[in-house]
Amino acid sequence: MTDSLVFRPITEMATVLRNEEIGAAQLLRQYAERIERLADSSKAFISLDLERAADKAAAIDAQAHSGSQLSGIPYACKDLFDVQGMVTTGGSKLLSDNVAQQDAEVVRRMDRAGAIFIGKNNLHEFAYGATGENEIFGTPPNPYDPTRLAGGSSSGSASAVGYGLCAAALGTDTGGSVRAPAALCGLVGFKPTFGRISTEGVIPYSWTLDHVGTLTRTAADAAILFEALVPGYQKSEAVRLDGLTIGIPEAFFFERCDREILDSVDHLMNFLRHAGARFKPVAMPSMEYTRTVSLTVQMPEALSYHNRYLEQRGELYSQDFRAGLALGQCLLAEQYIRAKRFIESYRRDVNAVFDEVDTILTPATPAIAPLIGAVEVMVDGFAEPAGNAITRYTSFFNMTGHPAITFPCGMHSAGLPIAAQLVGRHHADEALLETTRLIEQAYDFVLPLPDLK
Amino acid sequence: MKKVQQQTLIGMRDQLGGYAWQDAEISELVDPKLGIITGFQDLLDQLEVLRKIDLQALPPAGDIPGE
């Protein structure tokens, strides 16, 4: 069992480590060997610190087991997170000399839980984009098909876990940048209730929409990370699928979607029905202007942060990010405030939906992973920019701030994973994770591992 | 609402303050040639629709209160 732990969930690795069937140093070596072989092709990392990781693993092995399920577990984080002594590039040439003076709060928390930091993941420059394309550090491919995108903006985080180069990764999710790449790569992507996980020490993109999230193999693993990352974690009260009321949006979230994705979600719904769950159609707010509202908040906020660099180093941004920042300068203050008022309206409307249901179910994405370099994807006969399609079902919940999780539920005939998304009430993160864990445990679907030969 | 003109945005840049974007970058917002930003006019049109919706006294979104 200890020969190939790298694709096992943290729950299993933790047992093996606790029983001393393998040490933290030995586990780290399994990952290090794979990183040596696959770091270039996966384009998952911008920087590595395996020396510091080896020191920590040796220190863990020399002590009695702490009891933490993350003790000795190797993880990585998107290169927006500060790690003391390492450069935080944001995936950009701009910050090639930006050495962090201290760890981000979440890195400190992972360290305290005994997790072993191994490196910083590639991303779409400053998280501006959902395709994960990066002209400086390369575009991480999908572990199931290297001609296709891992998705973004936490592209390297998804690629690193998907290629078996670390057990879990931290990312940021402003419109789906954790959940969408996790979905495209056959992983579990979780973003908590807005504000529950600290963003201190993380380069911001949009303060109103940014969430720190996790990419793991299972929902049970996501719960382990969440417990370590969040202050005031409270174990979920008992959750049962029998009697669970699941909201199904009446419009938008099942429209213009790949037929095989709809079939997979339908299969999942049949399973849930047999398990005793009830389905209820729910009226969500109109989605007609939600992308406009989101952009109107994002771009002035991004500009406001990046203004500190524009005068001295502005030419080092990529052309598309500069164009987005220029747009941010041409919006009016009242338009920005109005957009934030619409966000409040969306939040209240969705809270009202949660008076009727326990959770909301949607497909995670309307399309499978697009080809690398594709500007548009065809979904159900409609052409759509690839980045918009990837995040079409996820970005709304960044505005409402509800916790949301994507998890594998099928395999497409093109050989790529299909995922569903569950959304929970504000601050019911623990219950959402537990619901997903129960589904994961009982559902008769097992995602095949990627063929990385 | 009239279509936004390059000169309007150049005037905003020069007269209202802010970062001195190059004329070509301003031009890309109103007459996209590179295809980087293609929807600025659409965005403005949609914002104008939203402006006409009465939100009464609804405040902007802030933090999400804990339980």
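1. Basis of the model. Residues are numbered from 1 along each chain as its sequence is written, while chains are lettered from A and ligands numbered from 1 in the order in which they are written. Because this is a predicted model, local features need pLDDT of at least 70 and side-chain atom pairs count only at pLDDT 80 or more, whereas totals for chains, interfaces and linings use all residues.

2. Confidence. The predictor assigns the complex an ipTM of 0.95 and a pTM of 0.97.

3. The contact between the chains. In this model 31 residues of chain A are in contact with 27 residues of chain B, two residues being in contact if their C-beta atoms, placed from the backbone, lie within 7 Å. On the side of chain A that touches chain B, helix 9, helix 10 (319–329) and helix 11 (333–353) each supply at least two residues, and the largest share, 10 residues, comes from helix 11 of chain A. By class, that side has 11 nonpolar, 13 polar and seven charged residues (Ala, Val, Leu, Ile, Met, Phe, Trp, Tyr, Cys and Pro count as nonpolar, Asp, Glu, Lys and Arg as charged, and the others, Gly among them, as polar). Helices (H or I, at least four residues) and strands (E, at least two) are DSSP runs, numbered from the N terminus.

4. Helix 9 (residues 290–313) of chain A and helix 3 (residues 40–51) of chain B have axes that come within 10 Å and cross at roughly 105°; axes are lines fitted to C-alpha atoms, for helices over the stretch in contact, and angles run from 0 to 180 degrees between N-to-C directions. The two helices are therefore roughly perpendicular to each other, given that angles under 35 degrees count as roughly parallel, over 145 as roughly antiparallel, 65 to 115 as roughly perpendicular and the rest as oblique. Here A:Thr292, A:Leu295 and A:Thr296 meet B:Leu43, B:Gln46 and B:Leu47, a contact of three nonpolar, three polar and no charged residues.

5. Packing within chain B. Helix 1 (residues 6–16) and helix 2 (residues 23–30) of chain B pack at an angle of about 135°, with their axes 9 Å apart, and are therefore oblique to each other. On the helix 1 side of chain B the contact is made by B:Gln6, B:Leu9, B:Ile10 and B:Arg13, and on the helix 2 side by B:Asp23, B:Ile26, B:Ser27, B:Leu29 and B:Val30; by class it has five nonpolar, two polar and two charged residues.

6. Packing within chain A. The axes of helix 2 (residues 24–42) and helix 3 (residues 50–62) of chain A come within 8 Å and cross at roughly 155°, and these helices are therefore roughly antiparallel to each other. The residues of their contact divide into 10 nonpolar, no polar and one charged.

7. Burial in chain A. In helix 7 (residues 219–229) of chain A, 10 of the 11 residues are buried, so this helix is largely enclosed by the rest of the structure; a residue is buried if 20 or more other C-beta atoms lie within 10 Å of its own, exposed if 12 or fewer, and partly exposed in between, with C-beta atoms placed from the backbone. A:Leu95, in the loop between strand 2 (74–78) and helix 4 (105–112) of chain A, is partly exposed, with 19 other C-beta atoms within 10 Å.
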